[in-house]
Structures are given as C-alpha cells and as structure tokens.
Amino acid sequence: MHPAQRIASVPRRPTRLDLAIVAALLAWALAEALLADGSGPRWLRALTACAVVLPLLARRRHPVAVMAFIGGVLVLRGLTAEVPESGATPFPSLLVATFSVGLHVASLRRAVLAGLVPIVAMTVTLLSGAWSGDPQPGDLVFLLFFVGGTWAIGRLVRHRAAQADAAASVRAHAAVAAERARIARELHDVVAHSISIVSVQAAAADAYLERDSAQAREHLDAVRRTAHDALAEMRRLCGVLRENSAVLLPQPTLGRVGELVDEARSAGVQLELVEEGERHELPPGVDLAAFRILQEALTNVRKHAGAVTAAVRIGYRRDGIDLEVRNAPGTSLGEPGSGHGLAGMHERARVYGGRIHAGVEPDGSFAVRARLPIALFRRGVPAPLAAARRTPHP
C-alpha cells in the first residue's frame, strides 16, 4: 500500500499512530497547564487541555465534528476568560484537526468551510486577549500561514491517495484481463482435447456398430463421459469470464496424468507412461503448464496419428521437469509451429522460462519435448531417484 493510502485510511478504531499523537499532545498540554505558573485554576486549565486534545481520537471518521468541537471550546474559553490564559496552547491540536479536515473531507466546499473554523476560533481568542494580552497583526498572518499550509498538505495527501487507488485499480483490471486471456487459452485446450476424443470414439463406435454392439456401446459411453466432462469444464471457465465472483475449482496438475493416459488408451492409442525421479511438489503454474502441454501433445497424437503406439515420459529433476511425448516412427503429431496447439505449448513453456522442441527424430518418430525449470527457494525437496517407474501399455 502506498504511504498516502495508509495516511488517508479511515479505520474503525484509532490507530497506534493516532494514539501516539494524542498521547504526545496531551502530555504537552497537561504539562503546560499544570506546571507553568499562570492565571486561572489548574483544574480548569487541565480540563481545557483535555477538551482540545482528546477529540482528535475521532479525527479520521468525524473530522468536521472534531474541528467544530475544538473551535467551540476555544471560542468559549476566549469569551469567558477574565485575564489572558497562560495554560495549554491549543495551536498544535488545531493544526492536526485542520490537516484531518483537508485529508478526510471529500467535498471541497465542506473542506474549505471546515478549514475556516480554526481561523475564526483563533481570531476570536486572539482579539479577546484570552491567550495574548496584546494581539499583533503578525499573529493573524502567522495563523493564516500555518493553518492554510496544513490544510493544503492534507488536501495534497488526499489527492495522492486517490491517484494511488486509481493506479491500483488499473493494475487489478490488467491482472483480470491477463487472467481472462489465460482462461481463453485454457478453453482452447479443453475443447481441442475433448473434441478429439469424441471424434475418435464416435468413429470407433461406428465401426463396431454392425458387428459388436457391446463394444460400440462402450465407445459411445466414452463419448458421453467426455462430452459431459468437457461441458462442465467449459461452464466453469466461461463462468470466470462472465463474472469475477465465479466459484473456482482446482486446476489440473500432473497428479491427474493417469486420466490423460486412460483417455488416450480408450481412444485406441497404445500408450506407455514412464515417470523418472521422485514426484515432488511443483509450483502451481508449472504444474498446470506441464499438464496442459502433455494434454495438447496427446491430443495431437489422436488427431494426426490415430491409433498408434506412443510413449509419455515425465522426468522429475531438482531444478526442473522434463516432458516427452513420442509416437511410433512413420506418424506425425503435426508440423512444428503450426496451429494454436503447438503455439500454445511454446507460450506456456516460455512463461516459465522453459523451452519446447517438436519435430521428427532420426528414427522417423515424432516427438514433443519440453523442459520447464523450477526455482527452488526452500530446502528439503527430494532428489530424483535413479530408477524409473514404468507403466506399460496393456
């Protein structure tokens, strides 16, 4: 928070700074009232000191009322004093109250009118001789200079706080726009992944419809489940696009990579999953990016290669995570750099300082490789294991 915003804030209770200011001014006023030799009973001088200082505790929430009360006390004391007052000097309290009026009163007209109160109050007390037996013209000039300057400083701080609020609002809207752009990319991934499964499963169901109705029914059930899940995911993402208060569900992570493998296998892909190293906690953004990269690569397998043999490798390292999706020689996952899918994978990797390579290997297979670095800011991250865990295709 900007310093001007903290100063201009209006909490429900007095802050520690407010309490410190009031305590310091009260100690000063009581010391003048009780220790200095002067006219009038000490109890009256102490009461006046409390009356012009303690209301400052409410200066943030009720600046005009506090200013009016302090001004009224000074005018009453000035009109009723029989001899010049030598007790507590009210000027510091008036300056604090004036600053609060300039800072916390929204209407400029009300702020100006309230700012005239200390000038009128002090002018009355000076002319009555309550705090000076022989008032001079310079006293009024001195009063106008300090009261006007204090009011102007309060108004300037208010203006600076409003600018800080506007800048924070702009940053918040920019963050929302960036998040909605990210969600739009999520929509592409969800739709492309689900539609490819529906297409493959529907084609398989059509092939089995005449000769094996049970097998065809299984493929149709897969179509129904995929469409249902895709619709639920799209409703959630579209809800975030429509309103800021949408209910947010957890984003997918590599902990759900088994679901991607099962979906690909149900579409006819003979898929092998290999996980190297020990799976440890990943930063949420990296975890989501890794999942989406694998999802897009497997979608391309079904879209461009069909029912083939493929392998997914996930390598957990201390300083990053390696991803690879490779299909059998002679098939393709799409031309490198073409379409929104590969471009989206490149963008996701770039955001986290990673890199993507997609192309034909020397043995004729097509592979998508990704490397996502991880900044480790804490100790105790488990080291990768030398052995690999393998889940062979059925």
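In this predicted model, the count of aromatic pairs comes to four. Ring pairs join F91, F142, F145 and F146 into a cluster. A pair of aromatic rings is described by the distance of the centres and the angle of the planes. Two of these pairs, F91 with F142 and F142 with F146, are set out below.

| Pair | Centre to centre | Angle between planes | Class |
|---|---|---|---|
| F91 and F142 | 5.8 Å | 35° | tilted |
| F142 and F146 | 4.5 Å | 50° | tilted |

F91 has a relative accessibility of 15% and so counts as buried, the cut-off being under 20%. F142, at 45%, counts as partly exposed, and F146, with a relative accessible area of 32%, is also partly exposed.

The packing of two helices forms a second topic. Helix α2 (residues 16–35) and helix α3 (residues 42–53) pack at an angle of about 160°, with their axes 9 Å apart. Angles over 145 degrees count as roughly antiparallel, and α2 and α3 are therefore roughly antiparallel to each other. The crossing of α2 past α3 is right-handed. On the side of α2, the contact is made by V22, L25, L26, A29, L30, A33 and L34; on the side of α3, by R42, R45, A46, A49, C50 and V53. By class, this contact has eleven nonpolar, two charged and no polar residues.

Technical notes. Residues are numbered from 1 along each chain as its sequence is written. This is a predicted model: local features need pLDDT of at least 70, side-chain atom pairs count only at pLDDT 80 or more; totals for chains, interfaces and linings use all residues. Side-chain values use heavy atoms; hydrogens and water are left out. Axes are lines fitted to C-alpha atoms, for helices over the stretch in contact, and angles run from 0 to 180 degrees between N-to-C directions. Helices (H or I, at least four residues) and strands (E, at least two) are DSSP runs, numbered from the N terminus. Angles under 35 degrees count as roughly parallel, over 145 as roughly antiparallel, 65 to 115 as roughly perpendicular and the rest as oblique. A crossing is left-handed if the near helix is turned anticlockwise from the far one by less than a right angle, and right-handed if clockwise. Contact means heavy atoms within 4.5 Å. Ala, Val, Leu, Ile, Met, Phe, Trp, Tyr, Cys and Pro count as nonpolar, Asp, Glu, Lys and Arg as charged, and the others, Gly among them, as polar. Rings of Phe, Tyr and Trp (its six-membered ring) pair if their centres lie within 6.5 Å; planes under 30 degrees apart count as stacked, over 60 as edge-to-face and the rest as tilted. Buried means under 20% relative accessible area, exposed over 50%, partly exposed in between (1.4 Å probe, protein chains only).
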